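My entries follow in the order I made them.

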Amino acid sequence: MNLKDVLSEKRSAILKRWFDVIVETYPADTAVFLKNQKDRFANPVGATISQGIENIFDELLQGGDIGRVSPFLDNIVRIRAVQDFTPSGALTFIFNLKKVIREELESEADKTPILKDLTALESRIDDLALLSFNIYMQCREKLYDIRANEVKSRTFRLLQRANLICDIEDQEQEPDSEDNKLINIKRKEAAQ
Amino acid sequence: MATKLPKPDELAKIDFTPPETGWMDTPVEIKPGMFCWGAKAKNLRAVEFPNARDWSPAEEDWKLPGEWEGTVLEAMADRLSKYRSFKLFMDICVRCGACADKCHFFIGSGDPKNMPVLRAELMRSVYRKYFTTPGKVLGKLAGARELTYDVLKEWWYYFYQCTECRRCSVFCPYGIDTAEITMMGREFTNLLGLNTDWIAGPVANCYMKGNHLGLEPHTIKSSIEFFLDDIETVTGIKIEPTFNRKGAEILFVTPSGDLFADPGTYTAMGYLMLFHELGLDYTWSTYASEGGNFGYFTSNEMAKRLNSKIYAEAKRLGVKWIIGGECGHMWRVLNQYMDTWNGPADFLEVPKSPITGTVFENAKSTKMVHITEFTADLIKNGKLKLDPSRNDHLKVTYHDSCNTARGMGLLEEPRYVIKSVCNNFYEMPENTIREQTFCCGSGTGLNASENMDLRMKGGFPRANAVKYVRDKHGVNMLANICAIDRATLKASMEYWVPDVTVCGTHELVANALVMKGEKERTQDLRLETLPGKEGN
Ligand code: SF4
Ligand code: SF4
């Protein structure tokens, strides 16, 4: 049997183990929920992870273009990029797959015929990891973009620049201090 | 030799796997991206809130007033005696866990302290210590703990990770409403000056100027005038609304977000066009220029104070009744509290549509009608000429705002309106809509920018359901009836489902509305060319 056949045979065991390992990166109570709640709308994180790793695993076995895995990786990384993980913590799940596969292959009597393929597969998993670093960074950058866009779409800021907004002045401030006079003049100008 | 590097699977667990100690003894860690900035002194001072000072939640020292424990416990004793429901909610939870996995913040973040039962337990544990005999005697054995600085910080952190959406209460066999516990938590921390600036700023502005942004009458007026130009471009019709007009039949009040933040602005254009087409005898007010009420996210008292301007303005102008625009929490306040706080508004009449003659019995005591009820009634009576095909390039789904859906049962009217003006409508899965709707993730004044990580986590369950209908039916428009939704779902979609746009319901109405004397429509309200009209 070649590696692909062995892994296809052990597909469900590997996926189960991989899922469990990922879920264990969450607190115990959360892990129980992520495992047991099967409704994909009630448990979108668990559902996305389990669906995502299935797709990733199948694509890996197919051995095609690594870029095809990107959307599945994206779904998972996008979630972990906003959860309370460090960047490395968010992405270790990719590396975990190597360990899971090795453990599952322990029982194989004769490993010689699959070893070469295994090394190749592991290097593909490394490629996946690199890809997910990119996705992770894109997600974090996106958050900054969103923050910036939001500030822009709140015309508030523009109006404030045009001095159309009357901020609550500190009460210590004299009612007609130089500052206030200036603001009032500008406001009049802006209103014209 | 350098220190040993942690292995990948050790690294993965560093920040998330719970420490060995139980939840009670694990001090909270205030994480960036998860909280809003502390309130500025000037904003607290403007409304005479206690302990006005500049402070930062990220710093060790929160600059609390002396004797702060006493202040909180006294307030707690007071509310326990005043509000029976609060006392009940402190006592009766059997920790069955039915609510545990129903909160969008828990589902999205995976942080167990976001389970509603545990969120409530943060306060219950203190309640037990000071207000129950077993708690006093047995302490931790009875699930009781002292109110320490760390506990207070934990309260603050987690009560500002609850949007008071009430989804959890739908599943509790005892009807325990964690939202009310959060409200209490915010009220108590409020007494120590632990407000966020995102809430305190709008509260101060609203108190001084009548709206969240602190805009003065001429600015309100000129903003609406900007819309009129766009409406004229799209329809060829010049609309001339009135402001502060005494003797108008109807006063119209809407969240100011509709006037200044996209895409709410298009919804505001929708109101203007609809009312113009009807020839409605109505007026805008530049004083009651805010339907929203961020005071509701601080204390009962403040909410009441900010709300009072609505009836006061109705009285000053001598209108007969009030229409309210598309908003979420505004309606919770109006529907649930306005009448008792600032009513009875017996100087007003029971709302009656001048177009259809329908009497809105449901608004008999508040005298205020939700715009989707008003519009649904118009459509039902065939009073609007509509061309839904103008929205044919849209595949629309509808997000129930927590407040209108769970808070006031407004489920059918918005759907009826949308389906009348759009040919392609698709519901999201059943356990994510109507009474079970998932919060946008940023309600109750959590829609700041600095807490974006929190907002994205909390918004994920809703976004996940949108993604599903996008994949299944090609949905590209997420309609709603809440000004905060319009702003926050936009951000959430940008992150989770980038090809879905967000709109208010009256934007869709106005795009389909065939107006008397209009020119052929080639653009929608966003000034985007309508499909098939490219050559025009
Ligand atoms: S569902 Fe109700 S009784 Fe059960 S744990 Fe939650 S709050 Fe307590
Ligand atoms: S009210 Fe909403 S946000 Fe608050 S605990 Fe319940 S489900 Fe969560």
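Entry 1, confidence. pLDDT is the predictor's confidence in each residue, from 0 to 100. Chain A as a whole averages a pLDDT of 83, and 80% of the residues score at least 70.

Conventions. I note that this is a predicted model in which local features need pLDDT of at least 70 and side-chain atom pairs count only at pLDDT 80 or more, while totals for chains, interfaces and linings use all residues. Residues are numbered from 1 along each chain as its sequence is written, chains are lettered from A and ligands numbered from 1 in the order in which they are written, and side-chain values use heavy atoms, with hydrogens and water left out.

Entry 2, the interface. I looked up which residues meet: 55 residues of chain A and 62 residues of chain B take part in the contact. The two chains bury about 5,000 Å² between them, with 57% of it on carbon and sulfur atoms. Buried area here is the accessible area (1.4 Å probe) that two parts lose on being put together, summed over both.

How many salt bridges cross the interface of chain A and chain B? The rule finds four, taking a side-chain nitrogen of Lys or Arg within 4 Å of a carboxyl oxygen of Asp or Glu. I checked Lys457(B) and Asp84(A), whose side chains form a salt bridge at 2.5 Å, N to O.

On the side of chain A that touches chain B, the elements giving two or more residues include α3 (28–36), α4 (44–62) and α7 (112–153) of chain A. Helices are DSSP runs (H or I, at least four residues), as are strands (E, at least two), numbered from the N terminus. The largest share of that side, 10 residues, comes from α7(A).

I looked up cis peptide bonds. The bond from Asp262(B) to Pro263(B) is cis, with omega near 5 degrees, and Pro263(B) sits in the loop between α13 (257–260) and α14 (264–278) of chain B. The bond from Gly343(B) to Pro344(B) is also cis, with omega near -5 degrees. Pro344(B) lies in the loop between α16 (329–342) and β4 (368–370) of chain B.

Arg95(B) has phi near 50 degrees, in the loop between α4 (84–91) and α5 (104–109) of chain B. Arg166(B) has phi near 70 degrees, in the loop between α8 (149–159) and α9 (167–171) of chain B. I logged these items because most residues other than glycine have a negative phi, and most peptide bonds are trans.

Buried or exposed: which holds for Arg166(B)? Arg166(B) counts as buried because its relative accessibility is 11%; buried means under 20% relative accessible area, exposed over 50%, partly exposed in between (1.4 Å probe, protein chains only). Asn190(B), at 4%, is buried too.

Notes:
Contact = heavy atoms within 4.5 Å.
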